[in-house]
Amino acid sequence: MTTTTPTTGKAAAAAEAAGGGMRPPARSTDHDGGRGRARRRRTWRTFLYHGSILVLGFVILYPAAWMVLSSFRPSNQIVGNVNLIPDNTTLDNFVTAFSGIGGVSFWTFFMNSMILAVGAVVGIALSSTVSAYAFARIEFPGRNLWFALMIGTLLLPFHVVIIPQYIMFNSLNMVDTFWPLLLGKFLAAEAFFVFLMVQFMRNLPRELDESARIDGAGHARIYWSIMLPLMRPVMVTASIFAFIWSWNDFFGPLIYLKSPDNYTMPLALRQYVDQTTVSDYGGQMAMAVLALLPVLIFFIIFQRYIVDGVATSGLKG
Amino acid sequence: MSIRKAAIRGIALAAVGSLALTACGSNGNGGDGGSGEGGQVTLNFQWWGNDDRADRYRQAIDLFEERNPDIKVNTGFAAFPDYWTARSTEAAGRSLPDVMQMDTSYLRQYADTGQLADLNEYLGEALDLSEFDEALVDAGRVDDGLYAVATGTNTLALFYNPGLLDELGVEPPAEDYDWDEYNRVLAAISEAGADADPQVYGATDYTGTFWLFIQWLLQQGVEPFTEDGDLNFTEAHMTEWLELASEVREPENLTYPIQRTVQLEPLAGFTVEEAAMEFHWDNFLAGYVGDSGVEDLQLLPVPSGPDGEKRQFFKPTMQLSVSANSDHPEEAAKLIDFLVNDPEVGAIFGTNMGVPSSPAQRDALDLEEGGIDARVVEYEEAASEAGYVTEAAPLPVEGFGPIEEEYRNLGQEFAYGNLTVEQFVDRWFAEAEIHLG
């Protein structure tokens with residue numbers, strides 16, 4: 001689920017680019033040969049192109065559509081049924097989902113997820129830009145070494161560090177609070193975002209900060225007044241990914257959050273299917289739909305900027 | 001421009017918000033099980049299960065807190081596989097919850113690494129197990145220490161779908177049936193159901209289930225594991241067991257096709273009414289009735305061994321353990337005592353966690369005549385009275401989880417026809433050697 005939304009965005013962008021690339025050769029055939037044949041070939045191509053996109057789109061979207069429609073099915077008619085249109089519809093599943101689990105309301109899970117996601121966005125926007133600025137613009141001893149080490153942390157799988165990290169946060173008495181999940185983000189521990197921003201900043205012309213320096217600005221001023229405004233596209237991209245990743249994260253909350261009052265949506269989502277007792281697939285489907293909605297809305301609002309952020313390589317605004 | 005302003009304003013707002021939130025996070029749940037003001041003790045209690053069990057636990061814990069105002073219980077829950085991921089991380093940091101739900105297949109592993117507290121010293125005082133069946137208490141012992149208390153029991157059963165058998169005109173096995181008789185019924189159903197739509201089979205290939213193999217071993221008079229956690233059976237035993245179903249596999253395979261089983265997961269051939277019988281733990285009745293919608297599923301004891309004895313055992317379900325790092329083991333033992341003995345708790349849980357271990361809780365069950373709980377309890381009581389249950393549950397060895405999993409995987413390969421019996425046995429024993437050291 002983590003990757004579906006971003007990839008669809010990328011796929012759409014790629015498809016657009018591919019579509020753009022297809023038109024010129026079609027036009028060039030206009031000059032030689034009969035016009036009718038060329039036009040026919042062009043319509044044929046367009047037809048084929050759109051047809052295959054539609055088929056592909058259907059295949060990709062089918063599971064999602066199945067999930068949404070299944071959430072309106074009675075619980076015992078979900079598994080083993082591949083039809084899209086439910087025979088009987090019911091809202092019971094949503095009633096189950098909204099009634100919460102074990103006395104903890106749905107909105108508690110929702111708010112916890114929201115706090116973590118917004119916290120992650122804020123933390124990453126603040127800390128990653130500052131450290132990226134340091135790596136991209138300040139000459140300090142061992143800069144390349146530190147940069148390489150930071151990139152190195154990207155190669156470490158999360159599962160390798162989880163136990164030492166847990167022991168550390170446990171001795172700091174931070175288990176069962178949001179600290180372990182947010183602290184790293186406020187300390188620029190998310191190397192991917194720092195790397196992304198360093199690469200972006202390296203493309204910004206140095207003349208801009210040099211002229212600011214001549215006008216008497218220090219690092220703080222250059223960072224705040226020159227760099228930050230120029231980094232808008234990459235910050236938006238980073239924020240979107242930070243939000244979606246944090247929202248969908250399951251493993252981190254599972255390890256660090258102990259009391260149900262602190263649980264996030266993905267943890268609650270898993271609670272409906274339990275192989276050792278009775279599984280409520282309907283409740284799970286409804287919960288999955290509800291969990292997906294915020295990410296979807298967030299994505300629709302900011303989708304424009306994602307493509308913008310990925311496409312912007314030089315200067316804008 | 002306006003976007004930038006809005007974004008900066010948004011970030012500032014969110015920053016203030018998150019600071020406020022982290023502040024309340026730290027004073028709200030900072031406690032790590034230490035005693036708070038007024039001598040109040042806080043216990044952490046973790047369990048696995050679904051939303052329904054969450055509700056039942058909440059009622060039970062509320063009742064406990066009401067009776068013991070000086071003890072506060074923080075609970076947490078997860079689904080079974082996630083539960084063990086979280087516990088193993090905590091075990092590495094020696095910060096397991098004070099009280100935790102335990103499963104027999106993990107018991108030895110956690111007990112042997114010193115993660116669990118020995119409950120022997122609380123026996124008779126904070127923890128009263130005097131009414132428990134002796135064999136059931138022993139199921140929580142590793143070496144001499146008592147590390148887990150069973151909240152309930154289950155035992156193996158043959159489920160069958162009477163409506164489906166009626167349609168096909170096949171009689172269910174009689175109660176004193178043996179494995180050969182079972183093969184015959186299985187074959188008869190598959191033959192009668194070959195023309196039905198959808199095609200109906202007798203059952204899946206039962207030799208692929210590790211617990212049934214253990215049951216069969218007990219019937220042969222072989223304890224599956226030795227005292228020090230080694231295998232107590234040989235390749236010959238396993239070969240004989242796998243060959244047991246050869247007459248329903250050859251010349252024509254009459255068992256439920258594995259391809260379909262895999263397709264149907266997480267349902268099963270039995271719950272979509274394409275197979276008429278299935279072995280499982282008796283407390284799966286609720287799940288089977290829920291998934292299939294068939295109300296009148298019936299339970300039979302397992303087939304008899306060569307001497308006509310069934311030698312069934314009660315497997316402890318949902319054990320409760322106290323962690324060795326708990327600051328308040330005495331209160332933790334008290335909580336366990338309450339959960340396994342209190343009649344009101346028994347009424348709250350029903351057979352959600354198996355048939356309750358203590359007679360007081362069994363009597364308190366509010367059984368609806370012919371209801372699911374009633375049928376499971378009735379089945380276990382009848383099996384017990386008929387003298388079918390004679391063995392103590394074999395205590396799984398350390399590494400039981402992986403070897404059971406390996407058996408299941410090989411069983412699947414075997415059902416696909418990718419393995420011969422010899423290859424199955426060789427590969428399983430090679431794997432078992434690695435896991436059992």
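Predicted model: local features only at pLDDT ≥ 70, side-chain atom pairs only at ≥ 80, totals over all residues.

Biologist: Thanks! How many helices and strands does chain B have?
Modeller: Chain B has 18 helices and 13 strands. Helices (H or I, at least four residues) and strands (E, at least two) are DSSP runs, numbered from the N terminus.

Biologist: And how much of chain B is buried?
Modeller: Buried residues are 53% of its 437 residues. Buried means under 20% relative accessible area, exposed over 50%, and partly exposed in between (1.4 Å probe, protein chains only).

Biologist: Where does Leu186(B) sit?
Modeller: Leu186(B) is in helix H7 (residues 179-192) of chain B, and its relative accessible area of 0% makes it buried.

Biologist: What is Leu186(B) in contact with, leaving aside neighbours within four places in sequence?
Modeller: Its partners include Tyr206(B), Val248(B), Leu254(B) and Met277(B). Contact means heavy atoms within 4.5 Å.

Biologist: Switching topic: which residues does a cis peptide bond join?
Modeller: One such bond joins Asp197(B) and Pro198(B), with omega about -5°. Another joins Glu250(B) and Pro251(B), with omega about 0°. Pro251(B) is in the loop between helix H10 (246-249) and helix H11 (258-264) of chain B.

Biologist: Over to chain A, then. At what angle do the axes of H8 and H11 cross?
Modeller: The axes of helix H8 (residues 191-202) and helix H11 (residues 232-248) of chain A come within 10 Å and cross at roughly 165°. Axes are lines fitted to C-alpha atoms, for helices over the stretch in contact, and angles run from 0 to 180 degrees between N-to-C directions. H8(A) and H11(A) are therefore roughly antiparallel; angles under 35 degrees count as roughly parallel, over 145 as roughly antiparallel, 65 to 115 as roughly perpendicular and the rest as oblique.

Biologist: Which residues make that contact?
Modeller: Among them are Phe192(A), Leu196(A) and Phe200(A) of H8(A), and Val234(A), Phe241(A) and Trp245(A) of H11(A).

Notes:
Residues numbered from 1 in each chain as written. Chains lettered and ligands numbered in written order. Heavy atoms only, no water.
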